[in-house]
Amino acid sequence: MAGIFLTAEWRYLVLLNFEIEPSILQPLVPRGTELDERAGRHFISLVGFLFLDTRILGVPAFFHRDFEEINLRFYVRRSVGGEIRRGVVFIREMVSLPLVATVARLTYNEPYRIVPVRHAIRAMGTALQSAEYRFGSPRDECRFELRADGEASPIAVGSDEDFFTDRPWGYTRQRDGGTIEYHVVHPRWNTWSSAGGEINGPIGDFYDEPFSSILSGTPASAFIADGSAVAVHLPERIA
């Protein structure tokens, strides 16, 4: 396995999960992987979260240690010697910091876009109340927020939350049509359930059709994950 490229804390992950027709995603599936499904259903997820204490090759990323990211992703799997590797593929990732986007593009060929991103975490004492993410300039700002329902609880194996968060692998199509794979290591997370969630604002300014229409609808599920320390390994090209 390749060495560690990046370490950080990923915190207050807000996931809005939308059902999607697999035919829409099929052209985006990296070579060597296949779409993953849950009970015959396929999903994309809009995810907002915090990067904290970011380090590249063990060195603190000065002036770039703490920032927000918004990503839109879907779910794939790959069979390796009888092992099923559950992973994600990013449709778009958004950050405010040009250097972060440049490093990710050069190292992984990830589809980053530089966009103003902000967040608001509301708590009463140690009890989380809500997590909100905003992206875009004042003229085209979009926002989504989830309220925390009760106490955070461990993710049950085989649950919906497990399907969306237990994703130890990332896959990215390269410019020559090949695929890279990278390992993402973190412990299991706790989550707060939520009764719903929606995106407000001109989502079509940031996502092409049919994704903008799908994201303008009602999510199939939504929740907040507390997050943890993570380690992202260097990419390796798959056969």
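1. Four strands, in the order β8-β9-β10-β15, form an open sheet with antiparallel pairing. Strands here are DSSP runs (E, at least two residues), numbered from the N terminus, and two of them pair if DSSP finds at least two bridges between them. β8 (117–124) and β15 (199–200) lie at the edges with a single partner strand each, so one side of each has no neighbour in the sheet.

2. The model is predicted: local features need pLDDT of at least 70 and side-chain atom pairs count only at pLDDT 80 or more, while totals for chains, interfaces and linings use all residues. Residues are numbered from 1 along each chain as its sequence is written, and side-chain values use heavy atoms, with hydrogens and water left out.

3. Ile121 is placed opposite Ala131 of β9.

4. Strand β6 (residues 83–95) is joined to β5 (residues 67–80) by 11 bridges, and the two run antiparallel. Arg78 has Arg85 in β6 as its bridge partner. The β5 and β6 hairpin has 2 residues between the strands, and Gly81 takes a positive phi near 55 degrees there.

5. β6 also pairs in the parallel sense with β7 (residues 112–114), over 3 bridges. Glu93 has Tyr112 in β7 as its bridge partner. A further 2 bridges join β6 in parallel to β12 (residues 169–173), where Trp169 stands opposite Gly87.

6. Tyr207, leaving aside neighbours within four places in sequence, is in contact (heavy atoms within 4.5 Å) with residues including Leu46, Ile70, Arg92 and Phe135.
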